[in-house]
Amino acid sequence: YTSRKYCIVPELLEKNKSLNVAKNTSAGFWLQLKIPVQATAGRYNSKLSLKSGNKLLLQLDLHVRILPFKLEQPKEINWIMHASDLLSRYKDKNHYYTDEELRRYLSDMADYGITGIFGLCYGNIDYLKRTARLVKEVGFKGPLIFHSFAEASVAKQCGLRVKTRHISPEMRKPAFEKKVVDYLKHMDEIIKNEGITNWYYHGFGEVNDYQPDWIKHAVYSAETAKKAGIKLYTTLYPIEIIKQLFPYMPDGINSSGCLASDPEKNSIYHQLAQKNKIALLTLSGTYTGQTGGMMPNRYSAGFLIYKAGGQGHTVWTYQRVQSKGGPNPWGRPCMAYPASKISAEEVSVSTLQWEGTREGIDDYKYLYTLTQWIKRAKEKGLMKEARTAQDTLDNMVKQMPWGSKLIVGNCYLKPGNFSNADASNCRRKIADMIIGLKKSIEEKK
């Protein structure tokens, strides 16, 4: 926010019925097809036409191949959207979002493969109930996560003034801690009454070893949540902090981009997570250098989860306005933006980075589907075919880099980074192996 550097990011994928293109200039077009589930495998041919008025300027051949297998859904892997932006939708002064529009808002994420939602409530029980109800109605399979400083809400009820991320002596008193625990239990009751049982509490995040007050706050939140019988979701990075806090959050979730940064750190993360029964997620989204292209979000949301041994991925953030407003409330990059005219049919405008996340989720499903066909081949006694496919897959993943070198404006083209072409080539090879195994099993029958 204080840098004097900037770059123009052509990220938006707007839906235009027609477009004016000035002479001697160029324009890019994004074509997206949604294939019906019941479509028959095979090759389909069509034409793309570009017209100016009634004059045909260009016609291109379009070839689509539908593969003879369906992608399988991994039950234990989740893709979680930091949709804290729901709170902004509830309070939007420019447009009142109806429940129907909010369901579309959430359904757009589910259609792209998002399985869980991260939301804010900040002590507002009405927001809590409404979000839980909408998430239930849309049908996300993964966890619902709520971020709320319960101790701050209780302090306000008690007439205490507290500093953000600071635990005062009054808050250490047993009577106060009991009120915090009761508050969390009340949250739990409300959410479960809306039909959500798989939920986590996010009371702190991004704690570093140079912030002792934050560490104390994190321990306080973890202790009270544990007493309330609520599982924790955190965003922790430094190994030493993780060692301190993981024991307080059994069966919790931790999201960190560091999980996939290098093999040595990855190994330590997994050892600590296994010891404390913590699920590990990778992380990407609209951080510096991650916008304006399909990479690196495609890689982070797909192949990199597999390489890092993660149990899912977190995306930050869908549509979030600047916290302090300003002349342009959308001054920060997002995964999607509000449509110019919001309706139940169209609520959001996609971006290249959002499309990259969708592709990455599909990449992981290709990987998962291949592992299932390898398993089926072994069960049918096709050990040679299964071993060949597994060896090819292992070697492919081994050649993939750890993380990406993020540079504003061109990180997805940085030499050494995993490119969109690399991802597509790997997906093609995976699909061919699935088809080969499927054919071998059918011939065996």
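Mentor: Helices (H or I, at least four residues) and strands (E, at least two) are DSSP runs, numbered from the N terminus. The expected span of a helix is 1.5 Å times one less than its number of residues. This is a predicted model, in which local features need pLDDT of at least 70 and side-chain atom pairs count only at pLDDT 80 or more, while totals for chains, interfaces and linings use all residues. Residues are numbered from 1 along each chain as its sequence is written, and side-chain values use heavy atoms, with hydrogens and water left out.

Trainee: How many residues has helix H3, and how far does H3 reach from its first C-alpha to its last?

Mentor: Helix H3 (residues 125-138) has 14 residues and spans 20 Å, close to the 20 Å expected at 1.5 Å a residue. At its start, a side-chain oxygen of Asn 124 comes to within 3.0 Å of the backbone nitrogen of Asp 126. After H3 comes Gly 139, with a positive phi near 95°.

Trainee: Which residues of H3 are buried?

Mentor: Buried means under 20% relative accessible area, exposed over 50%, and partly exposed in between (1.4 Å probe, protein chains only). In H3 the buried residues are Tyr 127, Leu 128, Arg 130, Thr 131, Ala 132, Leu 134 and Val 135. They pack against helix H1 (86-91), helix H2 (99-111), strand S5 (116-120), strand S6 (144-147) and H5.

Trainee: Why does Ala 132 count as buried, and what is Ala 132 in contact with?

Mentor: Ala 132 is buried because its relative accessible area is 0%. Contact means heavy atoms within 4.5 Å. Neighbours within four places in sequence aside, Ala 132 touches Leu 144, Phe 146, Glu 194 and Ile 196.

Trainee: At what angle do helices H4 and H5 pack?

Mentor: Axes are lines fitted to C-alpha atoms, for helices over the stretch in contact, and angles run from 0 to 180 degrees between N-to-C directions. Helix H4 (residues 150-157) and helix H5 (residues 174-193) pack at about 120°, their axes 9 Å apart. The contact is made by Ala 150, Glu 151, Ser 153, Val 154, Ala 155 and Gln 157 of H4 with Phe 176, Lys 179, Val 180, Tyr 183 and Leu 184 of H5.

Trainee: Where is Gln 319 found?

Mentor: Gln 319 is in the loop between strand S11 (312-316) and strand S12 (337-338). Gln 319 counts as buried because its relative accessibility is 0%.

Notes. Polar contact = N/O pair within 3.5 Å; in protein donor to acceptor, adjacent residues only side chain to side chain.
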